[in-house]
Amino acid sequence: MSHVKSLECRECSRNYPIEPSNACEFCFGPLEVKYDYDSIARAVTRQSIADGPHTIWRYHDFLPVEAETAVDIGAGLTPLIHAKNLGRMLGLNELYIKNDSVNPTFSFKDRPVSVTET
């Protein structure tokens, strides 16, 4: 997690250490991961991403967990489906829907569970 600086409450901006936590102790607001974007810009390239595995772990530099302890069940890189008819109904020309039903367990939950530490 060399690119993660801290967790920050989206409501009250309190900072928290990097640990499994998702809510502020003071206002119960959601915690967001704060990244060191300069560090990411120096370490990550389009080529390093393209050379990664064909799973969610090709984006490990952007995930708030250590890649070395990752459990890789093959989640991620599911197709985007161009939803032309739905897009037309909503007045959108470029509407795409992520088809996570082709993940290993046929669920959108594979992605968040892959980056959950216990």
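Student: What share of the contacts in the protein with a separation of 6 or more comes from residues 24 or more positions apart?

Tutor: A contact means heavy atoms within 4.5 Å. Here, residues 24 or more positions apart account for 36% of the contacts with a separation of 6 or more. Bear in mind that this is a predicted model, where local features need pLDDT of at least 70, side-chain atom pairs count only at pLDDT 80 or more, and totals for chains, interfaces and linings use all residues. Residues are numbered from 1 along each chain as its sequence is written, and side-chain values use heavy atoms, with hydrogens and water left out.

Student: Which pattern does the protein follow along the sequence?

Tutor: Helices (H or I, at least four residues) and strands (E, at least two) are DSSP runs, numbered from the N terminus. This protein has 4 helices and 5 strands, in the order β-β-β-α-α-β-α-β-α. Its radius of gyration is 17 Å, well over the 13 Å from the globule rule for 118 residues, so the protein is more spread out than a compact globule. That radius is taken over C-alpha atoms, and the rule is 2.2 Å times the number of residues to the power 0.38.

Student: How many of the residues count as buried, as a percentage?

Tutor: Buried means under 20% relative accessible area (1.4 Å probe, protein chains only). Of the 118 residues, 28% qualify.

Student: And what box do the C-alpha atoms fill?

Tutor: Roughly 45 × 35 × 30 Å, taken along the principal axes.

Technical notes
Buried means under 20% relative accessible area, exposed over 50%, partly exposed in between (1.4 Å probe, protein chains only).
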